[in-house]
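User: I have a structure I'd like to go through with you. Can we take it piece by piece?
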Protein chains: 2
Amino acid sequence: MVFKSYMSEALEEARNAGARGEVPVGAVLVSPEGEIVARAGNRTRELSDPSAHAEMLVVRAACAALGSERLPGHDLYVTLEPCAMCAAVIAAARIRRVYYGASDPKSGGVDHGACVFDHPQAHHSPEVYEGLAAQEAEALLRDFFASRR
Amino acid sequence: MVFKSYMSEALEEARNAGARGEVPVGAVLVSPEGEIVARAGNRTRELSDPSAHAEMLVVRAACAALGSERLPGHDLYVTLEPCAMCAAVIAAARIRRVYYGASDPKSGGVDHGACVFDHPQAHHSPEVYEGLAAQEAEALLRDFFASRR
């Protein structure tokens, strides 16, 4: 599977999240062998858990499955720029690469605000690639918030 | 109970974490009525979960118990300066005040590095009070790491 297909799977998770009334953000986590080992959309409302962002859920699921706090060699595909919380757990888990779709000037913590990976306190900085399928990811978010006004 | 006693409870959680082989950090979450509604120490190793810091665990537990993503009026007592991940979930949960013990230049995300609360992307900034029982909190951490060398 090429990276475009991984992001398609993340977008599918984002759409499913939106259908559940959650902010439509989705993520998949890919093993060094190229397998999708975890997939999730936001579930903060359903779980009453402010940490239940798509990225956090896939990191936690993959770590639990592997029995490890770290996921070296794993790549994360997520439809929106991670917030500071998710960026920090991505660093803690030693994720190799982060591919994200839409930019998030309002809440992002990778290329905005806290810029978590840019400080030595992060201990690990993944490679970051942004803009992948950004238009589709943005459209999902825009339509979701427009429908709730 | 006064704030000093809340921090004593957090220190007790930190000691328990150390006894389990976890980094000795503890936290308690206090309701607007002054009740301890959640208490935890680190459990990252036990749970194979890089997000299982004491602060994250008490926020998640209290949110689940209340059925809410937010904890307005709640105060957090934690023995060590929160990392960027925990700072961001504290902001997301709208915690009112954060009291922390030891400073953490190496991994802190409140007064070091990402300084998560200092950016508009955090959406909420709790009041922060640092240095409460700092010497005890530092001694626990120092002894723990010394014993593992």
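**Chain A, then the interface and some residues**

Analyst: Among contacts in chain A between residues at least 6 apart in sequence, 56% join residues at least 24 apart. Keep in mind that this is a predicted model.

User: What does the secondary structure of chain A come to?

Analyst: Chain A has five helices and five strands. Starting at the N terminus, the order of elements is α-β-β-α-α-β-α-β-β-α.

User: How much of chain A counts as buried?

Analyst: 52% of the 149 residues of chain A.

User: Which residues of chain B lose the most area to chain A?

Analyst: Pro50(B), Glu69(B) and Gln121(B), which together account for 27% of what the chain B side buries.

User: How many salt bridges are there between chain B and chain A?

Analyst: Two salt bridges are counted between chain B and chain A. In one salt bridge the side chains of Arg60(A) and Asp49(B) meet, at 2.9 Å from N to O. The interface of chain B and chain A also has 14 residue pairs in polar contact, with both residues at pLDDT 80 or more.

User: How many salt bridges over all chains?

Analyst: The search of the whole structure gives 18 salt bridges.

User: Let's take a few within a chain. Where do Arg15(A) and Glu12(A) sit relative to one another?

Analyst: Both are in helix H1 (residues 3-19) of chain A, three residues apart, so about one helical turn separates them. Arg15(A) counts as partly exposed at 38% relative accessibility, and Glu12(A) counts as partly exposed at 33%.

User: What about Glu46(B), what does it form a salt bridge with?

Analyst: With Arg20(B), where the closest N and O atoms are 4.0 Å apart. This pair links distant parts of the chain, 26 residues apart: Glu46(B) is in helix H2 of chain B, and Arg20(B) is in the loop between helix H1 (3-19) and strand S1 (26-30) of chain B. Glu46(B) is partly exposed, with a relative accessible area of 47%; Arg20(B) is also partly exposed, at 33%.

User: And Arg97(B) with Asp75(B), how far apart are the closest N and O atoms?

Analyst: In that salt bridge, the closest N and O atoms of Arg97(B) and Asp75(B) are 3.4 Å apart. Arg97(B) lies in strand S4 (residues 97-102) of chain B and Asp75(B) in strand S3 (residues 75-80) of chain B, so the pair ties together parts that are 22 residues apart in sequence.

User: Is Asp75(B) buried or exposed?

Analyst: Asp75(B) counts as buried, because its relative accessibility is 5%, while Arg97(B) counts as partly exposed at 23%. In chain A, salt bridges that share partners join Asp75(A), Arg96(A), Arg97(A) and Glu127(A) into one network.

User: Different topic. Where is Val25(B) found?

Analyst: Val25(B) is in the loop between H1 and S1 of chain B. With a relative accessibility of 4%, Val25(B) counts as buried. The C-alpha atoms of Val25(B) and Ala14(B) are separated by 4.2 Å, though the two residues are 11 apart along the chain. Beyond four places in sequence, Val25(B) touches several residues, including Ala17(B), Ala54(B), Val78(B) and Leu141(B).

User: Last one: what is Ser31(B) in contact with?

Analyst: Leaving aside neighbours within four places in sequence, Ser31(B) is in contact with Val37(B), Gly73(B) and His74(B). Ser31(B) is found in the loop between S1 and strand S2 (36-41) of chain B, and is buried, with a relative accessible area of 6%.

Terms used
Residues are numbered from 1 along each chain as its sequence is written. Chains are lettered from A and ligands numbered from 1 in the order in which they are written. This is a predicted model: local features need pLDDT of at least 70, side-chain atom pairs count only at pLDDT 80 or more; totals for chains, interfaces and linings use all residues. Side-chain values use heavy atoms; hydrogens and water are left out. Buried area is the accessible area (1.4 Å probe) that two parts lose on being put together, summed over both. A polar contact is a pair of N or O atoms within 3.5 Å; within protein, one must be able to donate a hydrogen and the other to accept it, and residues adjacent in sequence count only if both atoms are side-chain atoms. Helices (H or I, at least four residues) and strands (E, at least two) are DSSP runs, numbered from the N terminus. Buried means under 20% relative accessible area, exposed over 50%, partly exposed in between (1.4 Å probe, protein chains only). Contact means heavy atoms within 4.5 Å.
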